[in-house]
Amino acid sequence: MEKPMGRQYGFYFDSDRCVQCHACEVACKSWNTLELGIRWRRVVDLWAGQFPKITNKTISLSCMHCAKPACVEICPAKAISKRSEDGIVVVDSSKCAGCRSCTAACPFHVPQYARTGTMQKCNFCLERLQQGKQPSCVATCPGEALRCGPLDVLIESSSTRKPAERLSGPTIPSLLISGRLKEADLLEILASKI
Amino acid sequence: MDKGCDRLLVSRRTVLKAAGTMGAGMMLDKNATNWLTAVRSEAPGEKLIPTFCAMCGPSLGCGIYAYVKDGRFTRIEGMQESPVNGGRLCAKAHAAPQWVYSPQRLKYPLRRVGKKGEGKFERVSWNQALGVIADKLKEQKQKYGAESLAILSPARRSYSEFLYRFLMAHGSPNYGHSGICAMQKAFSFTYTLGAAPVPDIPNTRLLLIWGKQPVYSGSTRGNLKQILDAKDGGTNIICIKPTMEPDVAVSDTWIPIRPGTDAALALAMLNVIIHEKLYDSQFVAQWTYGFEKLEKHIVKYTPNWAEPITGIPADQIIELARTYAKTKPACIDHGNGLEHTSSSNSAVRAIAILMAITGNLDKSGGDIFPGGSGMPVPKSVHLRERYTQEWVDKLVGPEFPKAFQPGAEGTSSAYYRIFDSVLTGKPYPVRTIIAPGTQPSVSTRGVKNVLEALKKLDFYVVVDVMHTAEMNYADVVVPVATMYETDHPFEFSGNWIMARNKVIEPLGNYKSDYEFWIDLGVRMGYRKDFWNGSITECMNDQLKPLNLTMEELRAKPTGIVFQPKPMEYGKYSKIFSRVSTRFSKAPYLPQGKVAIYNTTFEENGYEPLPVWVEPPESATGTPELLKKYPLSFSDFHTSKVYNAGWLRNVPYLREVLPYPTLQIHPEAAKERGVADGDWVSVESPYGQMNIKAQVNPGIRPDTVMALHGWWQGCEALKLPGFSLLEKGANTNSMYSVDYAKAFDPVVTAMSSQTLVQVRKA
């Protein structure tokens, strides 16, 4: 965190283009060879209203690569760090003691634990990023609901397309949401579902 | 990184646009090869193989790059150069390695040594297996005639034409087709409009998504993107279906119709449009036949009549009809859901008439007949030229009436009727059934009858990559390669053709589906019809119209993209005079106009105008059953992570949908003391299932629905498999098989409706 920050990378999610197909979730598991039961990305939906006046909203959630990540701050082993060049939050599993402090600190239920007991989560498909490719979840999205890139570029492009809001909150998540799902809906989802 | 980010934000659209501007016959290979080389050098130790996804099909699947490390297929990426998917892939595509390496794969050919159903087999060689099959077929052909063989068709595959070729060479017309797989819809559209139209979504102002699931079925192939782009552009979207699926969630209006009553809704819409004179009178006068007969006929189908049948308030039907008739242009995106009912033919015909009389046919933003492709069409292997009337007369249970055969796909018998012939001997018993990539006990109705027929059947052959639901009844099991283990065939559709490439060497002692038919053809003595046993010769022969060999095609890693023919609207005289596939070559539309009143149907003893036919059991058709079975039941045919009766053994997919569920409204659940996640017993007059309740506010309170195709377990997740009969999860066991009620009288579509009661299990 001492080095000057580069451009913060983040995700953009258009809830009017997400069709709950779970392609992002499975693309992530397959690309990163995740153990069964581990989800670095998850699709969650929210129902409201009474038949036949019903609404159904959805979000695809992963690590938000927050500007002020609570997990980085709390980790006693200093296993979690925020990359200075792009703000991506990464875990060094060789340092992780599996104490799960980060789970308690993360407002988005992101940390996952494999059989080894160490924490793992979305790393923005760094290996792909370095090849100039989008993360697997973004590249596969059939509805083109997910996008990613430097947040300033995403904000600029959303201003000419669809209005998007950056999530608020003390950790300043690097996620822009657009469409019918609002931040309040997300808070409701987080309160009821993991 | 910044260099990377700029590239990241280049949208897929840019790549495709570049591809789209190339001239006919121009290759994408130059760019593609560079791209491929570049990535290869960035990822040492990992090979990338351009090929097709094979999680549905094999057919013209989505383009993928398959990653191989140390000889093992590891992961997948979408092929941006593919004009079909443009880099997009669904959940299934990414789970391919788990499917290929699943413990349920068949490794070597088997011959039954135990009793039928017992599951005792001995290992044999590929040649021994083919020898046993060939000897049996030769013997039966001599004793009972070649028509004693039936081959069951899975959904349309690129090997479907090979099944036809084998039947043609052998002498049997009995290609067993399901009765609910797009061909029913195609038939009814073609005999009403001359061809099946497609919605021109990018240019429309109003889109009706009717009986279709664009998310779970082909989500990556462009249709879904068109819908979402239309939504972003302000198009009014109305979804007509019983449950609030994800496409409904992004639409403007949901019409929660009771399952199987689409014909009633379409008839009532016609009633409103005709009564209020909202139709295009000029088009009606110039291009339709029998409108005045429809005017009289439609009087009885009022919105008030349709309300109790469809469960949609009359006012909403009137509003829907007016909105559709008054918004110009408007289009209907129609799905196979319209077919799963005994009123299938009428539903599709009524919808076709709606398109026509509102003047939305073949106009920008309406339902159109696309211009076609600039690609020379590869040679078919079907041997259609050999059809005779005698051939049609021999059909054991015609899928379409004999007077309408051969149809667009060829001759066909209804899948279920083939099993019925085994049990009843009428009109004659089929003696051998070959099931390539299809599972009759989870794919067709009357599960008990199917299993009984399999016990009684002389000879049953399973040709598949995996253990199948009823494999234990097989006399011979022939394992075949997944499409990741073979380097053929080429696949083509629209404007794109590409060679399939082998990702890994076969994991067992087997060849491909295509090679199976070629090898069996040779063993039967049909050598000349099967390219003397050479798959290479077979592929090259088909590619002759393109002046290419398979190896020349393979040299272009992402295939060849051709330009589509320019779209011309209003091709009425051309489309309405199309010649049919029948022997008479009579046109589909005898008057050269939209067949509102269908004289061809009338001459053959079928209803000339669309009529309402109740499902075998329904709230309005059999109200006396409501006391015992108060809820309407139907099944979903598609799912976000599974295909038909497959893929439940794939862990990454099973994690998304671990259990078979009954979608039930919170009120209906509460009345029964059922909570979300409870196991429930679902009972119909014909069968029973034990599945988990999923309390879903987005379903009609009087209706419950479940996904079909459950039987497989998933070892890795320690999740169970399910019985095919009682206490299982097989929706096919729930329905009637009464020929008088459960099948459409013209197109033999199988009804997917009944009444049920639900209790806590």
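What is the handedness of the crossing of α8(B) and α16(B)? In this predicted model, the crossing of these two helices is right-handed. Helix α8 of chain B spans residues 183-193, and its axis comes within 9 Å of that of α16(B). The axes cross at roughly 45°. On the α8(B) side, the contact is formed by B:Gln184, B:Lys185, B:Ser188, B:Phe189, B:Thr192 and B:Leu193. Their counterparts in α16(B) are B:Ser344, B:Asn345, B:Val348, B:Arg349, B:Ala352, B:Ile353 and B:Ala356.

Burial of α8(B) was examined next. Of its 11 residues, 10 are buried, so the helix is largely enclosed by the rest of the structure. The buried set consists of B:Met183, B:Gln184, B:Lys185, B:Phe187, B:Ser188, B:Phe189, B:Thr190, B:Tyr191, B:Thr192 and B:Leu193. The cover over these residues includes α16 of chain B. It also includes the strands β7 (175-177), β13 (330-334) and β22 (594-595), together with helix α25 (599-603). B:Gly194 follows α8(B) and has a positive phi, near 90°.

Helix α9 of chain B covers residues 223-232. Its buried residues are B:Leu224, B:Lys225, B:Ile227, B:Leu228, B:Ala230 and B:Lys231. These pack against β9 (206-210), β10 (236-240) and α10 (246-249) of chain B. A glycine with positive phi follows α9(B) as well: B:Gly234, with phi near 95°.

α16(B) also packs against α11(B). Two packed helices are described by the angle between their axes and the distance between the axes. For α11 (residues 262-275) and α16 (residues 344-357) of chain B, the axes come within 8 Å and cross at roughly 30°. These two helices are therefore roughly parallel to each other. Their crossing is left-handed. From α11(B), the contact draws on B:Asp262, B:Ala263, B:Ala266, B:Leu267, B:Met269, B:Leu270 and B:Ile273. From α16(B), it draws on B:Ser346, B:Ala347, B:Ala350, B:Ile351, B:Ile353, B:Leu354 and B:Ile357. The contact of α11(B) with α16(B) comprises 12 nonpolar residues, one polar residue and one charged residue. An α-helix has 3.6 residues a turn, so residues three or four places apart point the same way. B:Ile353 takes part in the contact with α11(B), and B:Ile353 also takes part in the contact with α8(B).

The largest nonpolar core holds 290 residues. Within this core, B:Leu267, B:Met269 and B:Val461 touch the most other members. α11(B) gives the most to the core, with 11 residues. In soluble globular proteins, nonpolar side chains tend to be buried together. Beyond its neighbours within four places in sequence, B:Met269 is in contact with B:Ile317, B:Leu320, B:Ala321, B:Tyr324 and B:Leu354. One of these partners, B:Leu354, belongs to the α16(B) side of the contact with α11(B).

The contact between the chains takes 36 residues from chain A and 46 residues from chain B. On the chain A side, the elements that give two or more residues are α1 (23-31), β3 (53-62), α4 (126-130), α5 (136-140) and β8 (146-150). α1(A) gives the most, with seven residues. By class, the chain A side has 18 nonpolar, 11 polar and seven charged residues.

One runs from B:Gln405 to B:Pro406, with omega near -5°. B:Pro406 sits in the loop between α17 (389-393) and β15 (413-414). The other joins B:His488 and B:Pro489, with omega about -5°. B:Pro489 sits in the loop between β18 (476-479) and β19 (490-493).

Positive phi also occurs at non-glycine positions. B:Lys277 has a phi of about 50° and lies in the loop between α11 and α12 (281-287) of chain B. With 8 C-beta neighbours inside 10 Å, B:Lys277 counts as exposed, because the cut-off is 12 or fewer. B:Asn547 has a phi of about 60°. B:Asn547 is placed in the loop between α22 (535-543) and α23 (550-554) of chain B. B:Asn547 is exposed too, with 9 other C-beta atoms within 10 Å.

Notes. Residues numbered from 1 in each chain as written. Chains lettered and ligands numbered in written order. Predicted model: local features only at pLDDT ≥ 70, side-chain atom pairs only at ≥ 80, totals over all residues. Axes fitted to C-alpha atoms, helices over the stretch in contact; angles between N-to-C directions. Helix = DSSP H or I, 4+ residues; strand = E, 2+ residues; numbered from the N terminus. Parallel < 35°, antiparallel > 145°, perpendicular 65-115°, else oblique. Left-handed = near helix turned anticlockwise from the far one by under 90°. Contact = placed C-beta atoms within 7 Å. Nonpolar A, V, L, I, M, F, W, Y, C, P; charged D, E, K, R; others polar. Buried ≥ 20, exposed ≤ 12 C-beta atoms within 10 Å, placed from the backbone. Core = buried A, V, L, I, M, F, W, Y, C linked by C-beta atoms within 7 Å.
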